[in-house]
Amino acid sequence: ARIKIEREKRGLLHRELAELAGCSRSMIGFIENGERAPSRALFKRICHALQIEDAAFCSAASGLVPDAP
């Protein structure tokens with residue numbers, strides 16, 4: 001969904017975003033397909049990798065709300 005859109009806008013492959021965020025390529029795929037929700041820490045790393053403010057991303061993301069701290 002939204003992570004996929006932002007990743008594609010930046011021309012990143014699953015593998016590249018995974019490397020930047022410090023997770024596996026398959027985890028990025030699972031998150032993008034709604035099969036898994038990222039932890040708060042991983043969500044922040046993905047936002048950082050995509051150069052997006054996580055608070056702005058949360059308010060714009062449909063159905064993707066990070067875990068409470």
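The legends below describe several close-up views of a predicted model.

This is a predicted model, in which local features need pLDDT of at least 70 and side-chain atom pairs count only at pLDDT 80 or more, while totals for chains, interfaces and linings use all residues. Residues are numbered from 1 along each chain as its sequence is written, and side-chain values use heavy atoms, with hydrogens and water left out.

View 1. From the N terminus on, the elements follow the order α-α-α-α-α, where helices (H or I, at least four residues) and strands (E, at least two) are DSSP runs numbered from the N terminus. Of the 69 residues of the protein, 36% count as buried; buried means under 20% relative accessible area, exposed means over 50%, and partly exposed lies in between, with a 1.4 Å probe and protein chains only. Among the contacts with a separation of 6 or more, 47% come from residues 24 or more positions apart, a contact being heavy atoms within 4.5 Å.

**View 2. The buried residues of helix 1 (residues 2–9).** The buried residues of this helix are I3, E6 and R7. They cover an arc of only 100° around the axis, which puts them on the same side of helix 1; the arc is that of the directions from the helix axis to the C-beta atoms. Just after helix 1, G11 takes a positive phi of about 70°.

View 3. With a relative accessible area of 25%, R2 is partly exposed, whereas E6, at 4%, counts as buried and K9, at 61%, counts as exposed.

**View 4. The salt bridge of R7 and E8.** The side chains of R7 and E8 meet at 4.0 Å, N to O. R7 is buried, with a relative accessible area of 7%, while E8 is partly exposed, with 47%. Salt bridges that share partners join R2, E6, K9 and R10 into one network.

**View 5. The packing of helix 2 (residues 14–21) and helix 3 (residues 25–32).** Two packed helices are described by the angle between their axes and the distance between the axes. Helix 2 and helix 3 pack at an angle of about 105°, with their axes 8 Å apart; axes are lines fitted to C-alpha atoms, for helices over the stretch in contact, and angles run from 0 to 180 degrees between N-to-C directions. That angle makes helix 2 roughly perpendicular to helix 3, a term for angles of 65 to 115 degrees, whereas angles under 35 count as roughly parallel, over 145 as roughly antiparallel and the rest as oblique. Helix 2 contributes H14, R15, L17 and A18 to the contact, and helix 3 contributes R25, I28, G29 and E32.
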